[in-house]
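Let's take a walk through a protein model together, from its overall make-up to a few individual side chains. Keep the viewer open as you read.

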Amino acid sequence: EDNRNVVTSNIDDIDEKDDDTNGIDRPVTLLERARIISYRIAMSASALSLCVLAVDDIGFLEGTGANIDQLVAQSSNALPILAGGTLSLCPVPRNKIVEVGTTSLGLAAIGSGFVSNVGDIQQLTGSIPWSLSILALMTVSIREIYYFGVEYKQECIITLLTLALMFDHNNHVPFTFPLCALGMSILAAGKLFEPCEEDLVPSNSEFLAK
């Protein structure tokens, strides 16, 4: 009987591991669905902020008389909060180190974003909020590749490469902002077509592979 219990326990462990790679065979709970939808909304908001910064970076509206300086400043200040929120909300593998690491980085980005918007503190924080937002978005891109496979998330390669060149907000490689904004926008738009359960466990994008 003891041996039978050991075998049953081992089978349960295998099933739990398979659950992390072959999708889930249960309904998505209301809380999980709310988290995933919030994750996708935060990702879209991050992409929108990057688009605003990209428009300013390439001088797309120069000569038109349009003044978006205030919108650019708001987008720059909001990005750490949005990027941190995106990372904090995204489902991650059931691993304590990964869970603690992603949550800590996400909350750090959110906190730095709020703190940097408080008067004189903005000068003290310097580029920390921006750097944390870049790290948060890079982590999100890596997470998407891990969950869905690089063949279905090629836009994440673009975001990873460009984000790595954007740590210095005031001295970055030309055209990194537009390329990064494009990659994040494609990623956010693609999430509209993915079932919620695809975001819960690594599935190599079973939906898109059909």
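The paragraphs below go from confidence and fold to the core, the surface and the salt bridges.

This is a predicted model, in which local features need pLDDT of at least 70 and side-chain atom pairs count only at pLDDT 80 or more, while totals for chains, interfaces and linings use all residues. Residues are numbered from 1 along each chain as its sequence is written, and side-chain values use heavy atoms, with hydrogens and water left out.

Let's begin with confidence. The predictor's confidence in each residue is given as pLDDT, from 0 to 100. For this protein the mean pLDDT is 84, and 81% of the residues reach 70 or more. Residues 6-21 stay under 50, and the model has nine contacts for them beyond four places in sequence; a contact means heavy atoms within 4.5 Å. Where pLDDT is low, the predicted coordinates should not be read in detail.

Now for the fold. The protein has nine helices and zero strands; these are DSSP runs numbered from the N terminus, with helices being H or I of at least four residues and strands being E of at least two. Among contacts between residues at least 6 apart in sequence, 73% join residues at least 24 apart. Buried residues make up 39% of the 210 residues, where buried means under 20% relative accessible area, exposed over 50%, and partly exposed in between (1.4 Å probe, protein chains only).

Which residues touch the most other members of the largest nonpolar core? They are Met43, Leu50, Trp130, Leu137, Leu163, Met166 and Met184, out of 33 residues in that core. A nonpolar core here is a set of buried Ala, Val, Leu, Ile, Met, Phe, Trp, Tyr and Cys residues joined through side-chain atoms within 4.5 Å.

Serine 49 counts as buried because its relative accessibility is 7%. Leaving aside neighbours within four places in sequence, serine 49 is in contact with Ser75, Leu79 and Leu82. Serine 44 is in helix H2 too, but is partly exposed, with a relative accessible area of 33%. Although serine 44 and isoleucine 186 are 142 residues apart in sequence, their C-alpha atoms are 9.6 Å apart in space.

The protein exposes about 11,700 Å², with carbon and sulfur atoms supplying 62% of it; accessible areas come from the Shrake-Rupley method with a 1.4 Å probe, and for residues only the protein chains shown count as cover. Ile58, Phe60, Ile158, Phe175, Leu179, Leu182 and Ile186 make a nonpolar surface patch of about 680 Å². Patches are made of residues with over 30% relative accessible area and no salt bridge, with like charges joined within 9 Å and nonpolar side chains (Val, Leu, Ile, Met, Phe, Trp, Tyr) within 5 Å. H8 gives the most to this nonpolar patch, with three residues. Leucine 182 lies in that helix, H8, and counts as partly exposed because its relative accessibility is 45%.

Phenylalanine 175, another patch member, sits in the loop between H7 and H8. Its relative accessible area is 55%, so phenylalanine 175 is exposed. The phi of phenylalanine 175 is near 70 degrees, a positive value in a residue other than glycine. Most residues other than glycine have a negative phi.

How many salt bridges does the structure hold? There are eight, each being a side-chain nitrogen of Lys or Arg within 4 Å of a carboxyl oxygen of Asp or Glu. One of them joins aspartate 199 and arginine 40 (2.8 Å, N to O). Aspartate 199 lies in the loop between H8 and H9 (206-209) and arginine 40 in H2, so the pair ties together parts that are 159 residues apart in sequence. Aspartate 199 is buried, with a relative accessible area of 0%, and arginine 40 is buried at 13%.

Aspartate 199 also meets arginine 143 in a salt bridge (2.8 Å, N to O). This second pair links the loop between H8 and H9 to helix H6, across 56 residues. Salt bridges that share partners join Arg40, Arg143, Glu144, Lys153, Lys191, Glu194 and Asp199 into one network.
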